[in-house]
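Please open the structure in your viewer and keep the selection tool at hand. The tour below goes from one selection to the next and says what is there.

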Amino acid sequence: MTISEKNELLDNLSTHYTRLNYLKILAEEKNSSPDVLAQIERRKIRLKTEIDMLLKDLYANWIGDAAQLKTSVDSGNQGLNRCIADIEGDVNVAQKIVEALDYVDEVINLAGDLLK
Amino acid sequence: MNRKWFICISVLVLAVTGCASVDPKPFVTFNSVVKEASTGIDSAMAVNYDWTRSGFIESFSNDPKSTFSQLVIQVGDKYSWWMDKPAIYLEIKRTQSALCDLNNAFTEYANLLVKLSGGELIKADTFDQLAKDLNRNASDAAKALKVPATPAELSLFSKAASEAARLYIENKRQGDLIDALRKNQDNVQKYSDLCIELIHIIRGNMKTYYVEKYEPIRKAWNAAPGEKRQKQTEAMLALDEQFTNALGVLEQVEVTYSAIPKAHADLSKAIKDNKSDLEGIQQLYSSGMRLQRLYTELKKANLDSQK
């Protein structure tokens, strides 16, 4: 059974559970026999047990899938962080080149003075 | 010759400066709606946890088969612990923690996209300063080399050179962004699918535990004399409101998460063409705004019910 099918089943069972309890309320309000009420109650307990088991299973699966996806997203984030660092590095390099040119100019000026 | 060279380079570089910077606005919108969706699912999850826990207390304490040992935690080595038959609300607690980790990772991704697309990374000021510094250098060098260039030509050359550096970095940034969006599209789709899956689980959980929540109110109603049922009526109306609010939030969170993959794909279009029609982003934004209103109401109703 796929996760999506399990989720569909959960929706059906939970809807059914609310209806069953509503039926129990109506039966009580119409003063139905204790036997009828007991039958509804037994079904309600069984249904609730099934729903709880299904919920536990779905939550446990989800936690596993989420942890796996988180690892993949984290790895993508590391790649993006590297890209950002590279670009910041490129801006720094451009600034460093201009600074270096400044030193070269000084050297050229000094050389020019010496050759006069 | 040198004079011609200056002019040629300057004209050539300035001719290709038509490459526009990335507009960060769609990335900011995407980032803010991702946060709204994450808050929306968190708030529904919080109500779900409260209901399931109180539902467990109600059914466990009323079940004659319940034993005290079922409530006792087994303590293991160091920080480990377990329960022989853990209640569902504990599984919800673990899910909340896993959801928080996943949302944090995805929110960080959306933040990084904003950073990579934003003006802070390639500031115009930095390149203006580069042009000024280069201009000073070029003037000094031209004098030393006896190059016959006018100050206006040197200024044009410096501006062109710094623009070339900016363009190089801007192109690299756009390439990195497009690459990141393409590589992560699959993860975004999985994130959307997984969150919708969780929304469906919460929906089934809340429908079931709505019954568990109203049963004590119903019992109190039945036990109270006919003319003294105001407290139970108010409690039931508050619960109904909380339930319908929660379903409304879940429905809207589902719409929002469904819109995330298309909006993410639209971000690539926004890089290529600032004026392109970003329908996916627009849908995501509208959905995020509706969601914000709904979960604010839900949080308020939840707080009121705890008073």
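Start by selecting helix H2 of chain A (residues 34-115) and helix H5 of chain B (residues 151-223). In this predicted model, H2(A) and H5(B) pack with their axes 10 Å apart, at an angle of about 165°. Angles over 145 degrees count as roughly antiparallel, and H2(A) and H5(B) are therefore roughly antiparallel to each other.

Two packed helices are described by the angle between their axes and the distance between the axes.

## The whole contact between the chains

Now widen the selection to everything that joins chain A and chain B. The contact takes 46 residues from chain A and 50 residues from chain B. Which helices of chain A each supply at least two residues of the side that touches chain B? They are H1 (3-29) and H2 (34-115). H2(A) gives the largest share of that side, 36 residues. By class, the side of chain A that touches chain B is made of 24 nonpolar, 12 polar and 10 charged residues.

## Helix H1 of chain A

Select H1(A), residues 3-29. This helix has 27 residues, and the distance from its first C-alpha to its last is 39 Å, close to the 39 Å expected at 1.5 Å a residue.

Next, show the side chains of Asn7(A), Leu10(A), Ser14(A), Tyr17(A), Asn21(A) and Lys24(A), which are the buried residues of H1(A). An α-helix has 3.6 residues a turn, so residues three or four places apart point the same way. What covers the buried residues of H1(A)? The cover includes H2 of chain A and H5 of chain B.

The axes of H1(A) and H2(A) cross at roughly 155° and come within 9 Å. That angle makes H1(A) roughly antiparallel to H2(A). Their crossing is left-handed. The contact of H1(A) with H2(A) has 16 nonpolar, 5 polar and 8 charged residues.

Move on to Asn31(A), in the loop between H1 and H2 of chain A. Is Asn31(A) buried or exposed? Asn31(A) has 7 C-beta neighbours inside 10 Å and therefore counts as exposed. Check its backbone as well: phi of Asn31(A) is near 55°, a positive value in a residue other than glycine. Most residues other than glycine have a negative phi.

## Across to chain B

Chain B has 7 helices and 2 strands. Follow the chain from the N terminus, and the elements run α-α-β-β-α-α-α-α-α. Of its 307 residues, 37% count as buried. Among contacts in chain B between residues at least 6 apart in sequence, 83% join residues at least 24 apart.

Pick out the two strands, E1 (74-75) and E2 (81-82), and the loop between them, which holds Lys78(B). Phi of Lys78(B) is near 45°, another positive value in a residue other than glycine. Lys78(B) is exposed, because 6 other C-beta atoms lie within 10 Å.

## Two stops on helix H5 of chain B

Go back to H5(B) and select Thr208(B), which is found in this helix. Thr208(B) has 28 C-beta neighbours inside 10 Å, so this residue counts as buried. Which residues is Thr208(B) in contact with, leaving aside its neighbours within four places in sequence? They are Ser14(A), Tyr17(A) and Ile51(A). Then draw a distance from Thr208(B) to Gly55(B): the two are 153 residues apart along the chain, and their C-alpha atoms are separated by 9.5 Å.

The last stop is Lys213(B), also in H5 of chain B. With 22 C-beta neighbours inside 10 Å, Lys213(B) counts as buried. Not counting residues up to four places away in sequence, Lys213(B) touches Trp51(B), Ser54(B), Gly55(B) and Leu239(B). Finish with a distance from Lys213(B) to Arg229(B), 16 residues apart along the chain; their C-alpha atoms are separated by 17 Å.

How values were computed. Residues numbered from 1 in each chain as written. Chains lettered and ligands numbered in written order. Predicted model: local features only at pLDDT ≥ 70, side-chain atom pairs only at ≥ 80, totals over all residues. Contact = placed C-beta atoms within 7 Å. Helix = DSSP H or I, 4+ residues; strand = E, 2+ residues; numbered from the N terminus. Nonpolar A, V, L, I, M, F, W, Y, C, P; charged D, E, K, R; others polar. Axes fitted to C-alpha atoms, helices over the stretch in contact; angles between N-to-C directions. Parallel < 35°, antiparallel > 145°, perpendicular 65-115°, else oblique. Expected span 1.5 Å × (residues − 1). Buried ≥ 20, exposed ≤ 12 C-beta atoms within 10 Å, placed from the backbone. Left-handed = near helix turned anticlockwise from the far one by under 90°.
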